[in-house]
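Welcome! Have the viewer ready and try each task before you read its solution.

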Amino acid sequence: MKKIIIAIDGFSSCGKSTMAKSLARNIGYLYFDSGAMYRAVALYCLENNLVSEDGIDTETLKGRMGDIEISFIADPVTKNSITLLNGRDVEKEIRSIEVSKVVSKVAALDFVRTDMIDQQRRMGESKGIVMDGRDIGTTVFPNAEMKIFVTASAEVRAQRRYDEIIARGDKADYNEILENVQQRDHIDQTREVSPLRKADDALLLDNSHMTREEQEAWLIAEFKKITGEC
């Protein structure tokens, strides 16, 4: 059967990556986390002192984009993708609150988005992929055969992010996370380049009160409708 591109967009901390990974495993597709790519660039900025109270040192970053190589490998046990920054596993580091505070500002830079979008499109040339992010269905793959836009309340998303950080043994402050979620929503929706929005032909999924199993069943059902497997 002909393979398709599945684009999953939506707000931060909606669980897009989790559902995208699960869907990819269930249907035998490859998964790419576009958000991790922007997080890796944000981590690079933090590690190279390109972030200050005044914002991002855009001129220096622009000159160094050629030195930033982002790739993915599959975890041999879980089969989930692991993000590599210049060959180094940074999967844990890019999920920190420090990176979360910076990533939307980095992702709003036109030259960063242009570079990342070019890489993402190359990843999708063979189809048979699931990719999640903020502008996959609107900018990266506007002709994707299946588009999902995921949303949930800011409070629910902040609680999920808090639980995730606590579960891996790190400290977290719920109110700080909620403020970060709300700030990221504003930045993502108002940036000049590829703002976060629902594509006209995307299916809306509000998972505020859905279990993971309910999400998986919904996604598989929609996939089968689009591919004609049902």
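## Exercises on a cavity, a sheet and a pocket

**Exercise 1.** How do the residues lining the largest cavity divide into nonpolar, polar and charged?

*Solution.* Start with the classes: the lining has five nonpolar, one polar and four charged residues. Here Ala, Val, Leu, Ile, Met, Phe, Trp, Tyr, Cys and Pro count as nonpolar, Asp, Glu, Lys and Arg as charged, and the others, Gly among them, as polar.

Before going on, note that this is a predicted model, where local features need pLDDT of at least 70 and side-chain atom pairs count only at pLDDT 80 or more, while totals for chains, interfaces and linings use all residues. Residues are numbered from 1 along each chain as its sequence is written, and side-chain values use heavy atoms, with hydrogens and water left out.

Next, find the residues: Ala7, Asp9, Gly137, Lys147, Ile148, Phe149, Arg197, Lys198, Ala199 and Ala202 form the lining. On a 1 Å grid over the protein atoms alone, a cavity is a set of points where a 1.4 Å probe fits but cannot get out, a pocket is an open set with protein on both sides within 12 Å along at least five of seven lines, and lining residues have an atom within 4 Å of a point.

Finally, look at the strands (DSSP runs of E, at least two residues; helices are runs of H or I, at least four; both are numbered from the N terminus). β1 (5–10) and β9 (146–151) each supply at least two lining residues, and β9 gives the most, with three.

**Exercise 2.** Which strands are the edges of the open three-stranded sheet?

*Solution.* First write down the order, β5-β6-β7, with antiparallel pairing; strands pair if DSSP finds at least two bridges between them. The edges are then β5 (70–74) and β7 (88–89), each pairing on one side only. Now zoom in: β6 (residues 81–85) joins β7 over two bridges, and leucine 85 has arginine 88 of β7 as its bridge partner.

**Exercise 3.** Which element gives the most residues to the lining of the largest pocket?

*Solution.* Begin at the centre: among the 41 lining residues, Gly15, Ser17, Thr18, Arg95 and Glu164 lie nearest to it. Then list elements that give two or more residues, including α1 (16–27), α2, α4 (97–107) and α7 (154–167). The answer is α2, with five residues. To finish, sort the lining by class: seven nonpolar, 15 polar and 19 charged residues.
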